[in-house]
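Subject: Handover of a structure

Dear colleague,

Please find below the structure that I am handing over to you.

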Amino acid sequence: MDVESDTPLLWAIRDTVGLTGTKYGCGIQQCGACTVLIGKRPVRSCGITVGEVAGKDITTIEGLSEGSKHPVQLAWIEEQVPQCGYCQSGQIMAAVSLLEQKPNPTDQEIDRGMLNLCRCGTYTRVRKAIHRASDLLKEVS
Amino acid sequence: MKNTNMNRRTFLKVTTVAGGGLLVGCSFSSPKLLSTPQASEEELGMWIRISTDNKITLIVPSSEMGQQAHTGQAMLVAEELEADWNSIKVVTAPVHPEYIRSSKQSTGGSGSIQDWWEKLRQVGAGTREMLVAAAARKWGVPVEECRAENGQISHSPSGRSLNYGKLASAAAKLSPPDSPTLKTPDQYRLLGKSLPKIHTPTMVNGFAEFGIDVRRPGMLFAAVSQSPVFGGQVRSYDEAAAKAVKGVEAVVPIPNGVAVVADSTWHAKQGLEVLKLQFAGGDSTGLDSVKVNARLRAALDGMGKAEVTAEKVLDVEYEMPYLYHATMEPMNCTAHVTSDSCEVWVPTQNQTDTLKAVMEVTGFSKDQVQVHTTLLGGAFGRRAEWDFVSQAVTVSKALKKPVQVVWSREEDTQHDFYRPASMSRFQVGLGSDGLPVQWERQVAQPNLGARYIPQFGLIDFDPFTIAASVHDYPLLPKHFYKVEGVEVTHTPVDLGVPVGFWRSPPNSINVFYTESVLDELAHLAGQDPLAYRLKFLSASPRHKVALEQVAVQAGWGSPLPEGNGRGIAINDWPPMEEDFTVAAVVAEVSITNRGKLKVHRVDCVIDCGFAVNPDSVMAQMEGGIIMGMSAALFEQITLEDGRVAQSNFDDYRIARMRDTPEINVSIVKSDSAPTGTGEPATSPIVPAITNAIFAATGKRIRSLPIGKQKLV
């Protein structure tokens, strides 16, 4: 990637790599719309520079699965989570990571783990979809 | 099913495209003479395009901003067209008079289904009839023996069938029907079903295209800075410093600020950082929240208090803050101006004013302008504005290159068209039966009506202080609560802060007032808040049913743990109209002995006529409730030194997962024509919560947000 090392990862992903599924929402790591995975860790890509992640394995929403077959994506479709959809890439990446750490999250753990903002108010469905994804992941494994 | 426009003639227009296929246009205003082949090219293919390889594209008039207008409108067409639901594609319409509803081509007022219910079904039905006629002619059989189903016309006596693509060219040569026959509800295959939303697949894999995701060949990125004092002007900036930043190509003045244009967003932002931009003056110079309150208070006091003599008197004042829309996708627009044309790609709710803004900046005629509406990352009324359009077009016009303007969250927070701050006094006298004998209301707030209809400013009249409120204005339809002895006065207050539509103006202000006051009166009269409300609904049977049903659903009156309380409230939308949706909610809250508030559960009953897509209706109730709850609990814009004090989600808090209650929605079964669902739930949840706080603690919330107010 030919960008200065102080470029926030978000803008390198969007403007240089050209993957626009990762969204800009606030630029100060508050909203989570820009969440990507570095290894298995969820990272707000607006708050980390390209230099800091050099050589690391980064997954964006586009690379999560072939044909939207990741259990979290399937659960999102089954529960019909998105309204406007803008924050959902970040919600999904955060949920993937939450389920890595807590395969059977309680509602309370979802409350604590899911800090991404959604102005449309899809939270009740995000919660349902995480529980459903948890079940799907168990079926897979 | 009620069909008010059943007899209106629809004039379909059709033609073939190069290589065959069917383009269906439709005019609701022009005579049939305009049908093929006399109709002009641009009037055709406006609603349905069927290609010979059987690809079906539906062109829908409303923007998709999360309310599922695309899915709902496609269902209306596809139902009557008998299209194969899984093979259709949906796009937002370009700018054209045929897509105007009331006076503008715009999306709002929760009207995407209500306003297009008749027209879109007629377009579908007329096209279906032509495909059937084409098949009958081809096979030499009577039309009555042919049947359209799931994208095929079949003739069962002979066992023949053809898909729509194969019939498209032949159908295009036929004369369109005047009055296509619409299905009866028992024939529906799609309507009334919770079909999955059309855009869900691309919203879970990152490929949905919002305004900010538009990419054009050679496109540049622009970051903008606007005067933090409203109406302020640019005084100075260091253009050379910005241009010295790598990748920065230009610095371009925009109406109230400056844009730095670069080869990437990051470079543009870096250029803006070193621009040393200085502003001067402005309409809100020196304004702060203390002064806002003082001005509203002075206006309120200027109206003078009423004399109220009755057995019991309620005398209270309420106030509400400015609110920010906070769409997750910040304002943005991509424009490409050439010497004789302009294209814009924009997440907009308002194509009419977008077009006007482009014409104004470029001086072009409307034929030289193309508006492409992308998906909208939230809107709630903010994207009915066009300030960001003018900016992008201004910059592209200067550079003659495609340019994308994206606002930072800080710009977005500080340059909104805010929901107006408001202050209102209620003095209500109750008779011996506990019912009002005198109802005096005064209200002071910025004139929202004048923002859209400037003439209202000349006569100091603001209908937005009246609608959704018990009132005495003789020419306006009455509120659903039948109350005697009402006198309402209002004073508009111009504070120099831009105001605009925020998800259900005026209800999002007035329903808090009205439903709080009703609750106060019930307690003053010593009556149950539900039973008390029902006494005012003798002429509003749908409201009565919704309230009674939500009470049963929520277990109204059943015992609760210590520290918990329930509150009830009701709303209709749009206010003062003949066809409306009713939404009733009950909120259950708890307050710990340290005063910590939690909304546990919300029950909602909605009567929106026939529910075209019940799951979408539920989603709008859930989302509306959460947005209203967020406003009640947390949200306020304050002013300091002439500018907005908040700048991002760290100081403008909105609801998160952990704030979200259990939400139970039920839909009243109805065979009336559908009415809107985007807005009805946002307003009543607010007083339902504050009424529940009163039930739990005896503390009456008369000022929003609830925020850090002491509850015990």
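Into which domains is chain B divided? Chain B consists of domain 1 (11-187), domain 2 (211-282 + 331-406) and domain 3 (300-305 + 418-697); domain bounds come from an automatic or database domain assignment.

Please note that this is a predicted model, in which local features need pLDDT of at least 70 and side-chain atom pairs count only at pLDDT 80 or more, while totals for chains, interfaces and linings use all residues. Residues are numbered from 1 along each chain as its sequence is written, and chains are lettered from A and ligands numbered from 1 in the order in which they are written.

In chain B, the C-alpha centres of domain 2 and domain 3 are 37 Å apart. Contact between them involves 10 residues of domain 2 of chain B and 9 residues of domain 3 of chain B; two residues are in contact if their C-beta atoms, placed from the backbone, lie within 7 Å. On the side of domain 2 of chain B that touches domain 3 of chain B, there are 5 nonpolar, 3 polar and 2 charged residues. Here Ala, Val, Leu, Ile, Met, Phe, Trp, Tyr, Cys and Pro count as nonpolar, Asp, Glu, Lys and Arg as charged, and the others, Gly among them, as polar.

Chain A comprises domain 1 (9-63) and domain 2 (66-140). Their C-alpha centres lie 18 Å apart, and the contact takes 15 residues from domain 1 of chain A and 13 residues from domain 2 of chain A.

Yours sincerely
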